[in-house]
Amino acid sequence: MSGREVALQLELRGITKRFGGLVANDNIDLTVEPGEIHALLGENGAGKSTLMNVLYGLLQPDAGQILLDGKAVRFHNPGEALAAGIGMVHQHFMLVPVFTVAENVMLGVEPTTFLGLLDRRRARKDVLELSSRYGLAIDPDALVEDLPVGIQQRVEIVKALHREASMVILDEPTAVLTPGETNELFEIMRGLQASGKSIIFISHKLKEVQEIADRITVLRRGKVVGSPPPSASDEELASLMVGRAVELTVHKDPARPGDVVLKLDGLSVKNAAGRAVVNGVSFEVRSGEIVGVAGVQGNGQTELCKTIMGLLPVEAGSIRVHDHDLTGTSTRAVLESGVSYIPEDRQEDGIVEAFSLADNLVLDDYNRAPYASGLALHLDEIRKSASKLTDEYDIRATSIDMTAGTLSGGNQQKVIVARELGRDVSLLVANQPTRGLDVGSIEFVHNRIVAARDHGAAVLICSTELDEIYALADRIIVMYEGRIAGERPPTVSIEELGLLMAGAGTPDSVAEAQPA
Amino acid sequence: MSHQDAGPEGNEPTTLTEPEDSAENPPDATKQVAAGAGHPKGAETALQLLNAVLEGSSAVVTFLAIVLAIVIGGLLIAFTSPTVLHAWSHLFSAPGAAFSRAWDVASSAYSAMFEGAIVNPHTVSAAFHGGSIAAIFNPLSETAVNATPLILAGLAVALAFRAGMFNIGATGQFIGGAMIAGWIGFAVHLPMIIHVVVAVIGGFVGGSIVGGFVGTLKARTGAHEVIVTIMTNYVMEYLILFLLGLAVFRAPGLPNPVSPPVANNAMLPHLAGATLRINAGFLVALAAAAGVSWFLNRTTVGFELRTVGANASAARSAGMSPERTWIIVMVICGGLAGLAGASVILGTDFALTPQIYGTYGIDAITVALLGRGTPFGVVLAALLYGTLDAGSVTMQAQTQIPVDIATVIQALIVLFVASPPFVREVFHLRRRRRVEEGAQVLAKGWSA
Amino acid sequence: MTAVPVVARERVTFDRQRAIAGMFVMLGLVDIFVFGFLADKGDAVFTFTLTGAAVSVPNLSLAPGPVSEALGALSIVLGFLYAGRNLAKIPKRLVGIVVMLGFVVSFLCWSDAGRIPLPFVSLMQSTMLASIPLVLGALSGCLCERSGVINIAIEGQLLLGAFAGAVIASSFGSLWLGLFSGSIAGGLLAILLAVFAIRYMVDQIILGVVLNVFASGLTGYLYDQALVPYQNRLNSPNTFTPIKIPVLGDIPIIGPILFDSTIFLYIAYAAVALVHIGLFKTRWGLRVRAVGEHPTAADTVGIRVLFTRYRNVVLGGLVAGIGGASLTIGSVGSFGKDISSGQGYIALAAMIFGRWTPLGATGAALLFGFSVACANVLGTIGAPIPSDFLLMLPYVATIIAVAGFVGRSRAPKADGQPYIKS
């Protein structure tokens, strides 16, 4: 493990990586000067993470070279990349939840006493020393799974620094941060830069890239399509990312809210450890309006959606749909009341990958007319409806008998949207409906949601992407630590929203203090 | 050792865009070649067949797995035979003798199996000289008799697989069914057709009680069914021992623990005369397979079952209740295994003995795996294993090779069928990526 | 971006705490009404001295009625307290142990009432003996599953270990060679498990069951084919003689139980200590656990995930093989078909019950071993339970353990999932 005093210069020449017939990285050239913050910009699926995995030794390139300070290197595994001074903070954290912070930081480079016994005291000391040196306050003995997400990210950074990385790669680090925490992260990045590190910052968010980067490289469909300066306009960057002129806002008529469809009153939900993850939440959603729930991931939005759908038990409070009390009823009863659900994790909760398209499209209503009478299924009706939905929602598949697992993420999401909006919907509950989708699919889903609203549905949408909230919501609610931190119109400034998301700012509905 | 290819779960790197018109068809050499002008139809099908073989489609892999297992079985038979070992100790002085001895032992074992399970050529020629015609069909009848409980128990395991559960408890459920069916058979007196029907239904009920217990435990407490079913197997094995010690279950006057014989009215009728053992149980088994197929593919409950088995989480989000499904499935599967028990006691054994369950419960697992969890596959697999079981009895009689070898071959078949990549590697076939429903129970671990 | 999720309680149709409290109350009621009221006349006598021991410990005479009723009342009280959730101060496990102990004591009193004295030390010795394969099997399971591979094939490893131990010891006249071979045999089956699970990514539960069937068929076949005809040469091994540890072995009551047994018991002690220290106090163990919990994270810091899994599975097989050898050359001597009779699965349950930790698994294995020993000893004193039901005891205990007291925690997170680089 060699430390370096001088920052690294990195050059990637002609990196190509294929997965089967798919070219994820196509002849990519990239140069990162010593001590600069270089942003890698591209939409979901452009190949950014793949490129970094190649650099980091997790994948082997099919062609191309990596040069550090002018010398060609080859990393067969992350250990070699680490030894060469490259550290990575992954998009999906590489932390073992049941280990402590110190155990995670020392994993792979553990200090030992005789016979391989762990030297925990030394590990703890190392963590404290690093955290004070770079201003990243963390507790070495805390269990990672108990830590809030922003702190977990710090652990990842400390892990990289512990190995004396001279270059730090940050893969989509701001998705789980409030605007305020993002600013803190940028401060940390500038501090790292000042102490001589080079930084690669991967993101799909234009504004952040413009703010922090010294230089930008834009990737699209696996190729480098440009290196605009940070001073470039939003439109220029966006059109480079997507390859065509991009509408940055959704065309939306003003909302015409009708009767109350969903009414939550003092809803509280406890987690397995007994902590309230939803704490006294009360609000309404009317037909013909979209309510957007903003908040950093992990503040109770997922639990809120699941509880409304009857997937989690209610500790206190009530859920009413069309003035029927649905508190504590089964998921089936909720679905049959006209509520549709787009879950956060499409592969885990939304579709059955082993099933055909036709089966997936009928997952909610297979036991009702016209798809079944009594015990018997009407396969012809199911197929008829599946063909119709496939056309209507533009699902790209060769036949309705294709297994859903072979579809792309965007098409899978379209299947879910088709299924949920193709029913009689009076309330749509959508949790991160466009996560991981390419821009085309995002536009599609947004348009459908707005169309549903215009047909009279009430829509509750939870998202960590503020762009999405701003684009869709007629009213914005912010959740923080299980409570409503505030409600604002879509004209609210991002700073104020950020404060509410971080738990500061002036909440206008102060929840009664409840025992946590 | 790293895998660049995505494994059976189709894990795709999360950051890739696939082209909008994607439909991940493996490159189909057939289409390309056959698209050329002037290829006659026959050549096209031949090419398709060849392609299927080279690419290692499911059916081909299964066939090759069986071949491989039989070869290994043959090696085991040969090299644990004293005469073969003796011949091989003189390998360098008489190599021909060594190999021919090995071949003789193995081939005589397998031909004995064939004679016991399919047809014995001697009986055919004997029939031409006034011998009995029925005797020609005896091996096939024995195969059907052996296959009957395997079909039913195999369905019991396969149906559970489709619901995402591992039903290792077919033995215990079998015993439950045999107990009730047997008791109705010898303790109750009913008129002709009604008696056997009631006894068979009793078998179903007996098995479903045991199965329902397991399912309820899993649904209410999350207890993993692998351990619970294995434990209930042992409990039931001791229970039947205990019952056969009680006067009410015991045939008077006999030193061995045996129940009174089943009444004639309760016996399953023969299908081809009294000399052949094949009985109506075989028809019950086939009917059950058809019923399970209908249930699985054409009913709402079957749809729920398959969904829960494929993705319990998505099933929940769609309003289904995995817990309710588990209970229903285990009740039905228990009943099917109970029918297997009924078919044995009412069709061939006619009295309860402590070992009546034989190896059916364990074989059922291998049958279900070989049959890929589909009813039709289970029937075929059960017939194959019935062949092996029937044949091994004759093999032991003729060549003194212990019947356990059949178990070894069966286990190897399943092992190889469950790992297509292994078989493909052994036979140098190309890889193929597929997500198939019912084809494999995908690697899942302890959680449902 | 996914962080480590804080998971809210998923829908559980069974309120565990209240159910456990209910179980305590029920056990208490059984204590009072079955073991107390329905006990036969006469005292239960427990002897604590083995014949020929240096120090003589007086017998303990207990009247089943009052004892059971008192213990039952205590259990009921604890049950109600437990349900009331004010037991923040008292560790839950302690309460559970107290109730279990009360149940067992009441049960023993009831079994022995008015009958020949129950040899307590013998009972405990049998417990230790019966627990050895269970402990070693459970440790094997821990080693495998902590690295992320499910090992259902413990049963097959025990069987092969028993077979190899007996045959090699008999053929070559060396018990130590037999022990060594038994271990290797377990390791060989483990290699099969490892290759098919890690490289060919077969479902590990199915794989384990199939390997068990294979092992049973193979040993059964070889038994009929070779061991029966050549019994004297191939299946007549000696057995290890008990070794008494000086000083410690002479302590009254405890000595004969813990320090006077075959080498297998001492191997088990060492194994428990080594695995525990190894997993939780060494660098090796940290890396193993990382591989089992989050293999991708381990990979990114340079730990060889697949190699770790191979190594641990084989190690587990070697340990289980020793456990198998204890079934033959550590006890009865010759091999019989399916001599393990489900103990591999009980060991699996012990591991789960013990929450995948060596110490917990050992405690659970001792409990199950106790039930096996009870089955034997109670038969000899003529307890009022049919012998078939006694033989069911370990299996019923396992069902209750798995259903009642385990909870869904908590296998290593990546347990059973093949590792695929993406």
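**Sheet of chain A**

I began with helix H9 (residues 301-308) of chain A, which lies across strand E13 (290-294), E19, E20 and strand E21 (475-480) of chain A. H9(A) runs at about 145° to E19(A). For angles I used N-to-C directions, from 0 to 180 degrees, with axes fitted to C-alpha atoms, for helices over the stretch in contact. Helices (H or I, at least four residues) and strands (E, at least two) are DSSP runs, numbered from the N terminus.

The model is predicted: local features need pLDDT of at least 70, side-chain atom pairs count only at pLDDT 80 or more, and totals for chains, interfaces and linings use all residues. Residues are numbered from 1 along each chain as its sequence is written, and chains are lettered from A and ligands numbered from 1 in the order in which they are written.

I then looked up helix H15 (residues 439-454) of chain A. It packs on the sheet and touches E13, E19 and E20 of chain A. Its direction makes about 150° with that of E20(A). Contact here has C-beta atoms, placed from the backbone, within 7 Å.

I traced the open sheet of 6 strands: E16-E19-E20-E13-E21-E22 (chain A), mixed pairing. Pairing takes at least two DSSP bridges between two strands. Strand E16 (339-342) and strand E22 (483-488) of chain A are the edges, each pairing on one side only. The twist averages 20° from one strand to the next. E19 (residues 427-431) and E20 (residues 458-463) of chain A run parallel, joined by 5 bridges. A:Ala430 stands opposite A:Ile461 in E20(A).

**Helix pair of chain B**

Next I checked helix H5 (residues 95-117) and helix H7 (residues 138-162) of chain B. They pack at about 85°, axes 6 Å apart. H5(B) and H7(B) are therefore roughly perpendicular (65 to 115 degrees). B:Glu115, B:Gly116 and B:Ala117 of H5(B) meet B:Pro139, B:Glu142 and B:Thr143 of H7(B).

**Chains B and C**

I looked up the interface: 51 residues of chain B are in contact with 53 residues of chain C. H10(B) gives the most to the chain B side, with 10 residues. That side divides into 35 nonpolar, 12 polar and 4 charged. Ala, Val, Leu, Ile, Met, Phe, Trp, Tyr, Cys and Pro count as nonpolar, Asp, Glu, Lys and Arg as charged, and the others, Gly among them, as polar.

**Chain C**

I noted 16 helices and 5 strands in chain C. Its C-alpha atoms fill a box of roughly 65 × 65 × 40 Å along the principal axes.

Terms used
Contact = placed C-beta atoms within 7 Å. Parallel < 35°, antiparallel > 145°, perpendicular 65-115°, else oblique.
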